[in-house]
Amino acid sequence: TGCYALTGYIVDGCIEAHLGCYSDSRVGAVVGRITETNVNFNRRGVGNGINRLGLLRTNLGGDKASWVQAVKGANMSFRRRALYDIGGFDEGYKGTAYLEEVDASERIRTAGWLIRFEPKAEIVHYAAPAGGVRVGSKEKTEQWRFRNTGYFLGKNRGILQGGFGHLTYTAVALKRALEWRDTRAPVALMVALLSGWKEGRGVSN
């Protein structure tokens, strides 16, 4: 049962469960349960956010309500006042717009709001192997991931954590060079990361 969409379907009661969370005046945003059909979670406990190494770690398949670090675009809602407080989404996330909702979550929490994970607000997500927010080739899509990650780190993390992120993504860039058999890949990816970092450092929340 549920309301079907091209990328999955909304389980009955999802919207009502989202709305119910806002009876708590502390809640600025809600992320619902996301049942993935062909994507594996990359963290153990329930949560969504950037770790100390600059990597996005997600598991929104739990069955117990909890406080989390960030929402996820597939199943999220916001209190209008919270979005007003932070000035809405940052349009500086370009290309694939990767991490725009994580950035909004960061600013919402900084403004004093909490973010709730609610398992009863559930969708079943059919992650597509191609299309969606991907831009052109896999190489171009990955460049945008690096650029937007750099932008997020530059804007929201200090020099130390940003440095960890740069080291992490250097390793990822080298891995991509091996996977793609393209020795030019690390340079293009790191240029994207550093350009995002530089731009992010010039932005204040």
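The model is predicted. I115 also belongs to the largest nonpolar core, which has 18 residues, and a second, separate core of 12 residues includes V172, A173, W180 and A185.

**Largest nonpolar core**

- A29, V31, V71, I108 and I115 are the residues with the most contacts inside the 18-residue core.
- Two or more residues of this core are given by each of α1 (14–21), β3 (27–36), α2 (80–86), α3 and β8 (114–125).
- β8 supplies the largest share of the core, namely four residues.

**Helix α3**

- Helix α3 spans residues 100–110, and eight of its 11 residues are buried, so the helix is largely enclosed by the rest of the structure.
- The buried residues of α3 are E101, V102, D103, A104, S105, E106, R107 and I108.
- Just after α3, G112 adopts a positive phi of about 105°.

**Packing of α5 and α6**

- Two packed helices are described by the angle between their axes and the distance between the axes.
- The axes of α5 (residues 159–180) and α6 come within 8 Å and cross at roughly 155°.
- Angles over 145 degrees count as roughly antiparallel, and α5 and α6 are therefore roughly antiparallel to each other.
- The crossing of these two helices, α5 and α6, is right-handed.
- On the α5 side, the residues that meet α6 are I159, G162, H166, Y169, T170, A173, L174, R176, A177 and W180.
- On the α6 side, A185, P186, L189, M190, L193, L194, W197 and R201 meet α5.
- By class, the contact of α5 with α6 comprises 13 nonpolar, three polar and two charged residues.
- A173 and W180 of α5 and A185 of α6 take part in this contact; A173, W180 and A185 are also included in the second core.

**Residue K198**

- K198 lies in helix α6, which spans residues 185–201.
- The relative accessibility of K198 is 67%, and exposed means over 50%, so K198 counts as exposed.
- K198 and R157 are separated by 41 residues in sequence and by 12 Å in space, C-alpha to C-alpha.

How values were computed. Residues are numbered from 1 along each chain as its sequence is written. This is a predicted model: local features need pLDDT of at least 70, side-chain atom pairs count only at pLDDT 80 or more; totals for chains, interfaces and linings use all residues. Side-chain values use heavy atoms; hydrogens and water are left out. Buried means under 20% relative accessible area, exposed over 50%, partly exposed in between (1.4 Å probe, protein chains only). Axes are lines fitted to C-alpha atoms, for helices over the stretch in contact, and angles run from 0 to 180 degrees between N-to-C directions. Angles under 35 degrees count as roughly parallel, over 145 as roughly antiparallel, 65 to 115 as roughly perpendicular and the rest as oblique. A crossing is left-handed if the near helix is turned anticlockwise from the far one by less than a right angle, and right-handed if clockwise. Contact means heavy atoms within 4.5 Å. Ala, Val, Leu, Ile, Met, Phe, Trp, Tyr, Cys and Pro count as nonpolar, Asp, Glu, Lys and Arg as charged, and the others, Gly among them, as polar. A nonpolar core is a set of buried Ala, Val, Leu, Ile, Met, Phe, Trp, Tyr and Cys residues joined through side-chain atoms within 4.5 Å.
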